[in-house]
Amino acid sequence: MAEIRLRARVRCRPSRLWFRCPRVPHEGEQVTGNTSQQEHLPFDALSGRWQSLRALRPVHYDEQQSAWQVVDHESVAAVLADPATFSSDFSSIAPTQEDFEVFRQGNFVGMDPPEHRKLRTLVSQAFTPRVVSGLQPRIENVCGRLLDDVADRDRFDLVDTLAYPLPIIVIAELLGIPAADHRLFQEWAATLFGGDELGEAPNMDDLARALKAIAPTVREMNGYVLDHIRRCRANPGDDLTSKLLAAEVDGVRLEDQEIVGFVALLLVAGHVTTTALLGNAVVTFDRHPGTFQALRAEPDRLPDAIEEVLRWLPPFAELGRRATRPVVIGEQDIPAGAMVVAHLGAANRDPSRFEAPDVFDPTRSPNPHLTFGHGIHFCFGAPLARLEARIALRMLLERFSELRVPTYGEVTFQNPGVIVGVRRLPVEVARS
């Protein structure tokens with residue numbers, strides 16, 4: 001699942017929760033009529049940033065952020081594949097907060113081996129490919145019901161209607177948690193992934209204040225999940241939480257507090273990647289005229305198009321690591337203890353790995369993007385995110401003969417320093 005940002009961050013840019021997109025034409029472009037192609041989006045600024053990073057050394061030191069920036073595909077993959085040298089564990093330098101410590105015990109995306117191996121192995125026993133593939137009928141049912149709710153409307157918010165509730169309902173049902181509480185989970189995610197407490201270059205004091213500000217949300221989430229775990233332990237069922245309670249490796253089972261962190265991770269972080277992917281796909285298809293029509297004509301190309309959206313706009317475009325020893329990467333000497341930022345967004349547009357990397361090509365194949373990570377922290381929820389996106393986008397194409405974003409002035413964007421995605425996405429549709 002998404003790498004949740006509840007530990008020390010090596011950087012964070014704009015501090016607002018989301019941004020309204022200004023209506024500014026591209027340089028040298030004529031403005032005639034109301035078309036999305038004539039409006040700059042925050043996504044365009046990201047592309048420019050990734051291009052600027054690629055223009056520098058593949059590995060270079062950023063004085064402002066006090067971190068080593070790794071931007072080429074080969075070096076990013078090398079960083080992510082070597083957890084012994086590039087650690088995911090920031091607990092020794094991050095501000096401490098009691099509620100986050102409870103969550104951290106099961107947050108294995110912030111762990112290194114051997115602790116990571118135990119949790120990942122246990123989780124893998126319960127979250128199998130068979131479990132994921134078996135969800136297809138239920139995902140189709142939920143998606144169909146959500147779209148039925150707007151069957152008589154020619155305009156609706158795609159995020160509120162589909163992109164948020166679909167993955168939340170699916171993951172909640174998988175965990176045995178009441179899906180009716182999905183609005184609560186959505187509120188938790190908005191708080192935890194908002195980034196509005198952090199500024200341009202946060203120091204440890206800023207991070208401590210941010211942790212304090214969102215601690216009540218984490219406390220509420222921990223309590224909710226712990227109550228759920230206790231109910232499952234008393235009355236085990238066929239849900240994923242019950243399977244986690246029963247799973248063991250080398251005779252070891254998860255403690256309740258470890259399961260709290262993992263279930264909370266799945267519940268909150270487990271849906272935001274799909275939410276971002278669906279919104280990013282619709283925006284990207286809309287911004288590249290003819291894409292929707294081409295996919296309707298050749299729906300078998302949808303998986304390739306989804307992979308290209310993932311390459312084009314990775315929901316989590318940067319991953320932080322900490323060097324555990326002196327190391328040379330990209331011909332640069334990185335000292336022990338240094339912060340390292342692996343730029344997935346820039347690596348996904350590396351011309352040494354992708355032909356015409358700054359062109360969105362929905363037919364691109366193969367597509368070795370790094371959006372879901374690499375190595376031991378590769379996103380184990382990637383198959384579920386892909387399945388949900390494939391079903392949802394296919395049903396949108398089947399139900400609507402036209403789907404467009406009428407104006408980007410009404411689109412609300414998330415803080416790209418935390419997650420690349422949209423918060424509100426009003427669309428207009430037409431039916432055959």
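## Basis of the report

A residue is called buried when its relative accessible area is under 20%, exposed when over 50%, and partly exposed in between, with a 1.4 Å probe and protein chains only. This is a predicted model, in which local features need pLDDT of at least 70 and side-chain atom pairs count only at pLDDT 80 or more, while totals for chains, interfaces and linings use all residues. Residues are numbered from 1 along each chain as its sequence is written, and side-chain values use heavy atoms, with hydrogens and water left out.

## Cysteines

Cys-143 is buried, at a relative accessible area of 0%. Cys-232 is also buried, with a value of 6%. Across the whole structure, a search finds zero disulfides, a disulfide being a pair of cysteine sulfur atoms within 2.5 Å.

## Helices H6 and H8

Helices (H or I, at least four residues) and strands (E, at least two) are DSSP runs numbered from the N terminus. Axes are lines fitted to C-alpha atoms, for helices over the stretch in contact, and angles between N-to-C directions run from 0 to 180 degrees. The axes of H6 (residues 136–148) and H8 (residues 165–175) come within 10 Å and cross at roughly 140°. The two helices are therefore oblique to each other; angles under 35 degrees count as roughly parallel, over 145 as roughly antiparallel, 65 to 115 as roughly perpendicular and the rest as oblique.

The crossing of H6 and H8 is right-handed, meaning that the near helix is turned clockwise from the far one by less than a right angle, with anticlockwise giving left-handed. Contact (heavy atoms within 4.5 Å) involves Arg-138, Ile-139, Val-142, Cys-143, Arg-145 and Leu-146 of H6, and Pro-165, Leu-166, Ile-169, Val-170 and Glu-173 of H8.

## Helices H8 and H9

H8 also packs with H9 (residues 182–192), at an angle of about 110° and with the axes 10 Å apart. H8 and H9 are therefore roughly perpendicular to each other, and their crossing is right-handed. On the H8 side, Pro-165, Ile-168, Ile-169 and Ala-172 meet His-182, Phe-185 and Gln-186 of H9.

## Helix H14

In H14 (residues 302–312), 10 of the 11 residues are buried, so this helix is largely enclosed by the rest of the structure. Among the buried residues are Leu-302, Asp-304, Glu-307, Arg-311 and Trp-312. The buried residues of H14 pack against H1 (42–55), H12 (256–287), H13 (291–297) and H16 (382–399).
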